[in-house]
Amino acid sequence: MPAGLGGAGWLAIIFEATMGTYLAPTEVGTVWVPILDESLAYQEDKYYSPQIRQQTIVSEQKQSYYSVAGDVRWEVDPNFLPYFLYCSRHTPDKSGDGTPYTYEFVPSQAGSAAITAGSSGAKTASITVVRNGIGFGYAGCVLGGYSFSVEEGVLIMTMNILGLSEETPGGLGSPAWTDPEIFGADAHSIYLDTAGVAPAFAGAVETNFNGFEFSVDFNAEAQNRIRADREASYISYGETLPTLTTELDFEDKTEYNNFKASAKKAVRFRSSNDANNRVTIDMYNMSYDEYNVALGGMGDLIMAGVTMRALGIAGGDPYEITVDTTADIAGVS
Amino acid sequence: MAYKLTFSHPDFPFGKRFGLTGLGSVENGKAMIVNEELARRFQIRMGKPLTEHFEGNGMVKIEVIKGGGDT
């Protein structure tokens, strides 16, 4: 086959019935997700035998345990976002009648990835990537972490994906593409409120955020256990670390003093094209981790480099991601 | 020979438009007619006849319509 270009490739995702049992993109329920780039890869630490046998170069290599890992970066589209968030360390919930359906995701304390039936249970996914017409199937996939960021005005998501195994798809089927529903510069709003379990975010829209990045790291790892197989046994989760990074116009010392005083606040980020196409990230109990203000140079604006961290809150959730979409995700109803 | 292609995705609203590479667009839950010329060009582009390409695809149903037809 002659050389190919990335633009001709594609990525498909489908929820699995059994964790780690690969489903090809010919199965009912497959969705084809437009992406910007991906780096999903077979990950194996080959074993090189250090036998001493009158040589200073190893003489044998054996296969070892393996798993799948890599990043997928894409322009957030509410038609597809729930599929990925279902396959992450969240407790999901689905409501609504299609105008729209509302999918809510709050942090869970699961120690490992698993499939739970129904619309309030996490899932695992089979992901197929086609590169130059050649299919790579990845089974048992979940998010090890992710970040939402506004880049050139567009909401972008970068997902770190971990999987259990790699398969060669039995068939590739034929992708079906919907019109893009991405969020541009006029879609985003940020609100602040007092920290609490259900702040109203009723105040005015904030206007001095220069950039936005909400990242969640589940500290996930592929776990290999001794058995007559080399693929990973499961994906474990560690401490969940949600952070918000931005840059603020430095206008007074109020927030600097809040940083020093460890004052808490709530932050809402919302991208909305309309009521049927909306993503809301509510961070209910945020504390400044860093607040750096300096004179960068003669012509530089004086900005505060800010990192905030989402904290647990009694009786509530540290954060919540809500997706409004017309997609009625099969298998979770 | 023409074909009737029906695309049905359970997750998306009836009537939502999907693009199928090499064939044009079809509304979810509805059918499109693929005429002989389009089927011929599809085979050249995809390397397989229409029926073979979608064989085993749970969301695409292909029916043969004798006598051709318009897209």
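Predicted model: local features only at pLDDT ≥ 70, side-chain atom pairs only at ≥ 80, totals over all residues.
Residues are numbered from 1 along each chain as its sequence is written, and chains are lettered from A and ligands numbered from 1 in the order in which they are written.

Chain A contains two helices and 23 strands (DSSP runs numbered from the N terminus, with H or I over at least four residues for helices and E over at least two for strands). The C-alpha trace of chain A extends over about 70 × 60 × 45 Å along its principal axes. Buried residues make up 38% of the 333 residues of chain A (buried denotes 20 or more other C-beta atoms within 10 Å of the residue's own, with C-beta atoms placed from the backbone). Of the contacts in chain A between residues at least 6 apart in sequence, 69% link residues at least 24 apart (a contact requires C-beta atoms, placed from the backbone, within 7 Å).

The contact between the chains involves 19 residues from chain B and 19 residues from chain A. On the side of chain B that touches chain A, S2(B) contributes the most, with four residues.

An open, antiparallel sheet contains strands of both chains, in the order S14(A)-S2(B)-S3(B) (strands pair if DSSP finds at least two bridges between them). Strand S14 (176–178) of chain A and strand S3 (24–27) of chain B each have a single partner strand, so one side of each lacks a neighbour in the sheet. S14(A) and S2(B) are joined by three bridges and run antiparallel; Ala176(A) stands opposite Leu20(B) in S2(B). Strand S2 (residues 17–20) of chain B pairs with S3(B) over four bridges in the antiparallel sense, and Leu20(B) stands opposite Gly24(B) in S3(B).

A further open sheet of three strands, with antiparallel pairing, has the order S4-S1-S5 in chain B. Strand S4 (31–34) and strand S5 (60–65) of chain B are the edge strands, each pairing on one side only. Six bridges connect strand S1 (residues 2–7) of chain B to S5(B) in the antiparallel sense, and Thr6(B) has Lys61(B) as its bridge partner in S5(B).

Note on methods: Contact = placed C-beta atoms within 7 Å. Buried ≥ 20, exposed ≤ 12 C-beta atoms within 10 Å, placed from the backbone.
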